[in-house]
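Here's a quick briefing to read with the model open in your viewer. Have a look around first, then work through the points below.

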Amino acid sequence: HAKLLSTQGQLHAFRGEHDAAQCYFAQALAAYDQLSDQQQAHREKQQTGCYILISKMDHLAAPHWLPALQDYLQSSLNKQGWNDIARSLAHSGQGRRFEHHLFLRACIRAPSELMSAWQAYLELRTQWQQESDHPWPLINAYRAWLLQGVDEKRAAEHYLQMAVDQCADPDNGSTLHWMALVLEQLALALGVPVSQESIE
């Protein structure tokens with residue numbers, strides 16, 4: 001039931017219905033509080049908390065969600081301050097992929113406010129890890145976006161091509177194939193060439 005409420009929140013968020021989304025997310029968190037398995041409750045609340053922050057990023061100005069995001073990531077990673085968060089995520093792997101995605105998404109949404117953090121993240125790009133499942137294609141796309149912003153065109157092309165290829169894999173379903181087409185449009189907007197063959 002709690003997962004259904006959380007999904008309802010996501011659906012409203014996708015439609016731009018921010019107030020309805022937050023209402024369902026709040027109900028989901030309250031329902032998770034009733035679980036007897038506290039570890040599962042914590043995991044599910046963390047995931048719903050991620051959805052809440054994404055919804056806020058899409059509908060509110062940065063001052064309305066940056067403090068909550070910092071609290072969320074500091075709690076998840078046991079780190080203090082944006083630069084420590086950035087350095088921790090720069091070499092994180094599969095276990096932190098959702099926090100990683102959330103952080104990079106925030107860097108794109110609030111680049112001036114998080115400039116020091118994303119610069120610290122870029123400085124450790126030799127330590128970046130990757131996998132092929134969701135949300136790694138988005139992580140790579142955001143990496144490309146940040147790299148393009150500091151005129152690292154070749155590196156940006158590499159990561160954006162990787163993101164497109166991950167989504168366009170023939171074994172993926174229609175949603176990821178659609179994401180490949182969206183990422184192609186991002187590549188055009190950024191002036192970063194990607195191979196057309198990868199997304200046919």
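Which residues does Trp82 touch, leaving out those up to four places away in sequence? Its partners are Leu66, Leu69, Gln70, Leu73, Phe103, Leu114 and Ala117. Keep in mind that this is a predicted model.

**The nonpolar cores**

- Trp82 belongs to the largest nonpolar core, which has 55 residues. Together with Leu69 and Phe103, Trp82 is among the residues with the most contacts inside that core.
- Eight names to look for here: α3 (38-59), α4 (66-77), α5 (82-90), α6 (97-109), α7 (115-123), α8, α9 and α10 (174-190) each give two or more residues to this core.
- Apart from that one there's another core, made of 5 residues, including Ala2, Ala28, Ala31 and Tyr32.
- As background, nonpolar side chains in soluble globular proteins tend to be buried together.

**Helix α7 and its cover**

- The buried residues of α7 are Ala117, Trp118, Ala120, Tyr121 and Leu122. Ala117 also turns up among the residues that Trp82 touches.
- Among the elements covering those buried α7 residues are α5, α6 and α8.

**α8 against α9**

- Helix α8 spans residues 136-149 and helix α9 spans residues 153-168; their axes come within 8 Å and cross at roughly 160°. Because angles over 145 degrees count as roughly antiparallel, α8 is roughly antiparallel to α9.
- The crossing of α8 past α9 is left-handed.
- On the α8 side, the contact is made by Trp136, Pro137, Asn140, Ala141, Arg143, Ala144, Leu147 and Gln148. Facing them from α9 are Lys153, Ala155, Ala156, Tyr159, Leu160, Met162, Ala163, Gln166 and Cys167.
- Sorted by class, this α8 and α9 contact comes out at 12 nonpolar, 3 polar and 2 charged residues.

**α3 against α4**

- The axes of α3 and α4 are 10 Å apart, and the two helices pack at an angle of about 155°. That angle makes α3 roughly antiparallel to α4.
- α3 also passes α4 in a left-handed crossing.
- From α3, the contact takes in Gln46, Gln47, Gly49, Cys50, Leu53 and Met57, while α4 supplies Ala68, Leu69, Tyr72 and Ser76.

**Backbone spots to check**

- For reference, most residues other than glycine have a negative phi, and most peptide bonds are trans.
- Which residues does a cis peptide bond join? They are His134 and Pro135, with omega at about 5°. Pro135 sits in the loop between α7 and α8.
- Asn78, in the loop between α4 and α5, has a positive phi near 60° without being a glycine. Is Asn78 buried or exposed? Its relative accessibility is 69%, so Asn78 counts as exposed.
- Asp151 isn't a glycine either, yet has a positive phi of about 65°. You'll find Asp151 in the loop between α8 and α9. With 55% relative accessibility, Asp151 counts as exposed.

Notes:
Residues are numbered from 1 along each chain as its sequence is written. This is a predicted model: local features need pLDDT of at least 70, side-chain atom pairs count only at pLDDT 80 or more; totals for chains, interfaces and linings use all residues. Side-chain values use heavy atoms; hydrogens and water are left out. Axes are lines fitted to C-alpha atoms, for helices over the stretch in contact, and angles run from 0 to 180 degrees between N-to-C directions. Helices (H or I, at least four residues) and strands (E, at least two) are DSSP runs, numbered from the N terminus. Angles under 35 degrees count as roughly parallel, over 145 as roughly antiparallel, 65 to 115 as roughly perpendicular and the rest as oblique. A crossing is left-handed if the near helix is turned anticlockwise from the far one by less than a right angle, and right-handed if clockwise. Contact means heavy atoms within 4.5 Å. Ala, Val, Leu, Ile, Met, Phe, Trp, Tyr, Cys and Pro count as nonpolar, Asp, Glu, Lys and Arg as charged, and the others, Gly among them, as polar. A nonpolar core is a set of buried Ala, Val, Leu, Ile, Met, Phe, Trp, Tyr and Cys residues joined through side-chain atoms within 4.5 Å. Buried means under 20% relative accessible area, exposed over 50%, partly exposed in between (1.4 Å probe, protein chains only).
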